[in-house]
Amino acid sequence: MDALAPLVDPFHRPISYLRVSVTDRCDFRCTYCMAEHMQFLPKRDLLTLEELDRLCSAFVGLGVRKLRVTGGEPLVRRNIMEFFRAMSRHLGQGLDELTLTTNGSQLARFAQELADCGVKRVNVSLDTLDPDRFAQITRWGRLPQVLEGIAAAKAAGLRVKINTVALKGFNEDELFSLLDWCAGEGHDLTFIEVMPMGDMGEEQRLDQYSALSDLRGRLQERFTLTPLAERTGGPARYVRVNDTGQKIGFITPLTHNFCESCNRVRLTCTGELFMCLGQEDRADLRAPLRASDDDGILRDAIREAITRKPKGHDFDYSRRADGGHVSGQMPRFMSHTGG
Ligand code: SAM
Ligand code: SF4
């Protein structure tokens, strides 16, 4: 095989999208994402930015066209702009898109630099527009700081997509105010179902879970929705609100299976490659990376990992009605592999 032949998994899915978690640390402690007292990785276990560069560049050489930087909170990693600048050299040279998912807390500082690096779009997580609720759900966050960050992103010419996790009894009543705010600001909006990542007790998970089918039903009572054919190879499905022209996404990994079109893998800040967000199998890329300055060994390890990409995840809340059971629970926190 050609050393640089693109990556294709055993189910004939081309792997063209890499998400890289550059740190497991964060300046927030969102209740659905992290425990209040998190044990973070010792800093010495982290790959250096140069090592992350080599790894991501190897993926680009193997046909990855989209790179999303995530975490933890990617913008709290020291000197992270160096990494963005380095990755921007691949844009138009194999890489179509360089992007990030952020909680927005540091965007006021970095939005312009990100735009200068060729970043065109950012996903910002925002679950509520109420300052008290925001403090409650993020434990450590402040809403005005995030809104300022989002405004800075817009001013820098970045397209903003707001990601909102639907949480039972928490923000269900904000569906329309979030929608209106996004429409007014010109942001896209995607709702996400809470996933069973990180051990915080089954009961708490079930308490948090709010099915997006209910939310969509409520939207349909007020608006006419047209489902869009657009697919990103991920779990999102989009609709157009005919009345306002707005595009809304729904990420429903639990109620719909999206695995057949999955085009992505996830790299952690320690060099582990997860072939599926909802499975524990992983490949260590740090050893092959450090084994040689030549990328041949690394590329072989990446190819071997891709042969292990599973057909799908096992998340399932389906039996919650008869006894409140969550299966497919992952012991890993979302911040480890990146959302
Ligand atoms: N810190 C950044 C942020 O919050 O956008 C990036 C990392 S965060 C882990 C990525 C996304 O995962 C966020 O939109 C967050 O809301 C989502 N997330 C975290 N834990 C989740 C869970 N258990 N279920 C569903 N989404 C989750
Ligand atoms: Fe941090 Fe993002 Fe997790 Fe919130 S969702 S704790 S901001 S990593």
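These are my notebook entries on a predicted model of one protein and its ligand sites.

**Ground rules.** I worked on a predicted model, where local features need pLDDT of at least 70, side-chain atom pairs count only at pLDDT 80 or more, and totals for chains, interfaces and linings use all residues. Residues are numbered from 1 along each chain as its sequence is written, chains are lettered from A and ligands numbered from 1 in the order in which they are written, and side-chain values use heavy atoms, with hydrogens and water left out.

**Overall fold.** I looked up the secondary structure and found eleven helices and twelve strands. Helices (H or I, at least four residues) and strands (E, at least two) are DSSP runs, numbered from the N terminus. Of the 339 residues, 57% count as buried. Buried means under 20% relative accessible area (1.4 Å probe, protein chains only). I then took contacts, meaning heavy atoms within 4.5 Å. Among those between residues at least 6 apart in sequence, 73% join residues at least 24 apart.

**Ligand 2.** Which residues surround ligand 2? I listed C26, F28, R29, C30, C33, M34, G72 and N103. Near here means that a heavy atom of the residue lies within 4 Å. The shell divides into five nonpolar, two polar and one charged. In this scheme Ala, Val, Leu, Ile, Met, Phe, Trp, Tyr, Cys and Pro are nonpolar, Asp, Glu, Lys and Arg are charged, and the others, Gly among them, are polar.

I checked the record next. UniProt has "binding site" (unreviewed entry) at C26, C30 and C33. Its positions are given in the numbering used here, feature names are shortened, and annotations may be inferred rather than shown by experiment.

C26 sits in the loop between strand 1 (17–21) and helix 1 (49–61). C26 counts as buried because its relative accessibility is 17%. Setting aside residues up to four places away in sequence, C26 touches M34, F40, G72, E73, V76 and N103. C30 lies in the loop between strand 1 and helix 1. Its relative accessibility is 15%, so C30 is buried. Beyond its neighbours within four places in sequence, C30 contacts I137, T138 and R139.

V265 is in strand 10 (residues 264–267). Is V265 buried or exposed? V265 is buried, at a relative accessible area of 1%. R266 is found in strand 10. R266 counts as buried, with 8% relative accessibility.

**Helix 2.** Helix 2 (residues 80–87) is mostly covered, with six of its eight residues buried. The buried ones are I80, M81, F83, F84, A86 and M87. Their cover includes helix 1, strand 2 (66–70), strand 3 (97–102) and helix 3 (107–116).

**Second largest pocket.** I noted a volume of about 300 Å³ for the second largest pocket. A pocket is an open set of points on a 1 Å grid over the protein atoms alone, where a 1.4 Å probe fits, with protein on both sides within 12 Å along at least five of seven lines; lining residues have an atom within 4 Å of a point. Points are joined across faces, edges and corners, and the volume is the space filled by probe spheres set on them. The lining has 13 residues, and K43, L46, R77, R78 and N79 lie nearest the centre. This lining divides into four nonpolar, three polar and six charged.

How values were computed: Buried < 20%, exposed > 50% of the residue type's maximum accessible area, 1.4 Å probe, protein only.
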